[in-house]
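Have the sequence and the 3D view open as you read.

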Amino acid sequence: MSEPVVLGIESTCDETAAAVVRGRELVSNVVASSMDEHARYGGVIPEIASRAHAEAFVPVVSKALADAQMELSDVDAIAVSAGPGLAGCLAVGVSGAKSLAYAANKPLYGINHVIGHIAVTQLQFGSFPSDTLALIVSGGHTSLLHVTDVARHVDVVGTTLDDAAGECFDKIARLLGFPYPGGPHIDRHAQVGDPHALKVPQGLTQGRSGAAHPYDFSFSGVKTAVARWIEAQQAEGKEIPVDDVCASLANSVADVLSEKAVRACERFDSDTLIVGGGFSANSQLRNMLVKKGKRHGIEMRIPQIKLCTDNGAMVAMLGVNLVEAGVAPSSPDFSIDSAMPMDKIVME
Ligand code: KG4
Ligand code: ZN
């Protein structure tokens, strides 16, 4: 089988998504989001998201197959996100995928959503180098990975010790009065603000803690510092310079992420950095990665915006990698794993 065709299904959070990938080609890509239903609560409500997945599952999968001008019998395998994510949401996607696989007698892979975020770059840049570094920045994860083989072996080089970068942005966005998810709003305002207006702490970059955690991240202090600064301004009756707050925050976080990623590439002798996760849509981070990549001779593989946030293509692409590598499909009774560890690529 030279060019496996895989149907990928995604339901970890508030997107119900399905896509068909053939080899390294994206044949169809359908995403339905329940984000609007969560906005007024300031975050994703698992119960509402699960119900939305149950409603959207069949229409989304049908459309992905129809757009690809395929029937279920035309795919070689099905892949579904088995974790990490919201348990109820994962259960809908995995149960649906199991039913399809059973009915059509197709192999099924319960894959790691986070690894999917980096796998998706292959649709734009081709296969991974045999030994490479990856930076994953999403709502729930901020990690540096050493990818020996995306289908078989991934090691965690560093990770956040507290909040994820996306989580930190979403919390500060809330203080500034932006609706959920706040990351894109901060991005937009940051583009016209002064990145040096306020000093934002850069956790684990200096002194002993920096030396002890060269590839780890910490963003909890960022939120506290920005919140204090806003309170102090308010106490003095001053107006909050929203653009400047956003620019200072975005600039500082992008600096830490890109700096540690570049250092990890040098440590592991990798001239490529694979980037993925919803936060990799952030323009300040993208710009800084490109700039530092040029300076250090590292090729930055950053997904196009529509492939940064959750989608089915990332799941299908990792499914293709697993089929190509001859990895055994997940067993029929495989479970969801809402806390799936980052070095686990597929459920047995
Ligand atoms: O990967 P993702 O879609 O969901 C998870 O698996 O967590 O990531 C969502 C996160 C949210 O925190 C959102 O605010 C953030 O990605 N995000 C951004 C941007 N677009 C999405 N953060 C900053 N700037 C953006 N342009
Ligand atoms: Zn994600």
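Is Gln-69 buried or exposed? Keep in mind that this is a predicted model. Gln-69 turns out to be exposed, because its relative accessible area is 74% and exposed means over 50%. You'll find Gln-69 in the loop that runs between helix 2 (46-67) and strand 4. What draws attention here is the backbone: Gln-69 is not a glycine, yet its phi is positive, at about 55°.

Asp-269 is another stop. Its phi is near 55°, again a positive value in a residue other than glycine. Look for Asp-269 in the loop between helix 10 (242-267) and strand 9 (272-276). Asp-269 has 71% relative accessibility, so it counts as exposed too.

Here are the two residues side by side:

| Residue | Phi | Relative accessible area |
|---|---|---|
| Gln-69 | about 55° | 74% |
| Asp-269 | near 55° | 71% |

Now for the peptide bonds. Which kind of peptide bond joins Gly-83 and Pro-84? That one is cis, with omega at about -10°. Pro-84 sits in the loop between strand 4 (77-83) and helix 3 (87-104).

Pro-181 belongs to the loop that links helix 6 (165-175) with helix 7 (183-190).

How values were computed. Residues numbered from 1 in each chain as written. Chains lettered and ligands numbered in written order. Predicted model: local features only at pLDDT ≥ 70, side-chain atom pairs only at ≥ 80, totals over all residues. Heavy atoms only, no water. Helix = DSSP H or I, 4+ residues; strand = E, 2+ residues; numbered from the N terminus. Buried < 20%, exposed > 50% of the residue type's maximum accessible area, 1.4 Å probe, protein only.
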